[in-house]
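Please read them with the structure open.

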Amino acid sequence: MSNRIAASRRISADANGTERDRTRADQGDREIILDGLADHAGYAVRRFQLWIFQDFVKTLAEVDITPSQYSVLTVIGANAGLSQMAVAKRLGIERARLVHLLDSLEHRKLVKRVQSVSDRRSHALHLTSHGQTSLQRFKKLAAEHERHVAEKIGKKNREQLIEILSVFT
């Protein structure tokens, strides 16, 4: 167990003598027992994800872009002409949710849908010129957010985390 984790956790025995992890919550002196939950990767990843999303939204608040919108814009910017289905599949976004995201991005004049020349039932996605300019600004702010992540967990830990999680990307 790392020193950082050990510093925020105490082991105590319950009435049966069973050792349990106790982690302080933001509730004064009251302790909320997490038991072994603090050692579950899924729980730790979810807590980190919450922090990541909160910092991303805060850092990009001036441009009002969510992590999902940023992901969609970035993929379209790097792959002009992709279909909605291809974007949804690559990012793991439900098709109906992507339609809603694209509607909002199109309303903001960041993305345009163009009828595909090869399949008239499909639309090719492109950034507008405003979308291209805006995406450059969003990327600068997203880089600032990534600096916050490195400050929070350390530069080497961030690099290691990206490497570990790359099996899912």
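1. The largest nonpolar core has 24 residues, and those touching the most other members are I65, V72, L73, I76, V111 and F138. A nonpolar core here is a set of buried Ala, Val, Leu, Ile, Met, Phe, Trp, Tyr and Cys residues joined through side-chain atoms within 4.5 Å. Buried means under 20% relative accessible area, exposed means over 50%, and partly exposed is in between, with a 1.4 Å probe and protein chains only. At least two residues of this core come from each of α3 (67-78), α4 (84-91), α5 (95-107), β6 (123-127) and α6 (129-153). The largest share, five residues, is supplied by α3. In soluble globular proteins, nonpolar side chains tend to be buried together.

2. On the source: this is a predicted model, in which local features need pLDDT of at least 70 and side-chain atom pairs count only at pLDDT 80 or more, while totals for chains, interfaces and linings use all residues. Residues are numbered from 1 along each chain as its sequence is written, and side-chain values use heavy atoms, with hydrogens and water left out.

3. What does F138 contact, leaving aside its neighbours within four places in sequence? The partners are L60, V63, I65, Y70, L73 and L110, where contact means heavy atoms within 4.5 Å. Two of these names, I65 and L73, are also on the list of core residues that touch the most other members.

4. The protein chain has seven helices and six strands. These are DSSP runs numbered from the N terminus: helices are H or I with at least four residues, strands are E with at least two. The order from the N terminus on is α-β-β-β-α-α-β-α-α-β-β-α-α. Of the 169 residues, 27% count as buried. Among contacts between residues at least 6 apart in sequence, 44% join residues at least 24 apart.

5. An open sheet is formed by three strands in the order β4-β6-β5, with antiparallel pairing. β4 (82-83) and β5 are the edge strands, each pairing on one side only. Strands count as paired if DSSP finds at least two bridges between them; β5 and β6 have five, in the antiparallel sense. K112 stands opposite H126 in β6.

6. S116 sits in the loop between β5 (111-115) and β6. This serine is buried, at a relative accessible area of 15%. Not counting residues up to four places away in sequence, S116 touches S122, H123 and A124.

7. The second largest pocket has a volume of about 160 Å³ and is lined by S83, Q84, M85, R95, D119, R121, S122 and H123. By class, that lining has one nonpolar, four polar and three charged residues. A pocket is an open set of points on a 1 Å grid over the protein atoms alone, where a 1.4 Å probe fits, with protein on both sides within 12 Å along at least five of seven lines; lining residues have an atom within 4 Å of a point.

8. Please check two backbone angles. D35, in the loop between β3 (31-33) and α2 (41-59), has phi near 55 degrees, a positive value in a residue other than glycine. D35 counts as partly exposed, at 36% relative accessibility. K109, in the loop between α5 and β5, has phi near 60 degrees, again positive in a residue other than glycine. K109 counts as exposed, at 58%.

Notes. Grid points are joined across faces, edges and corners, and a volume is the space filled by probe spheres set on the points. Ala, Val, Leu, Ile, Met, Phe, Trp, Tyr, Cys and Pro count as nonpolar, Asp, Glu, Lys and Arg as charged, and the others, Gly among them, as polar.
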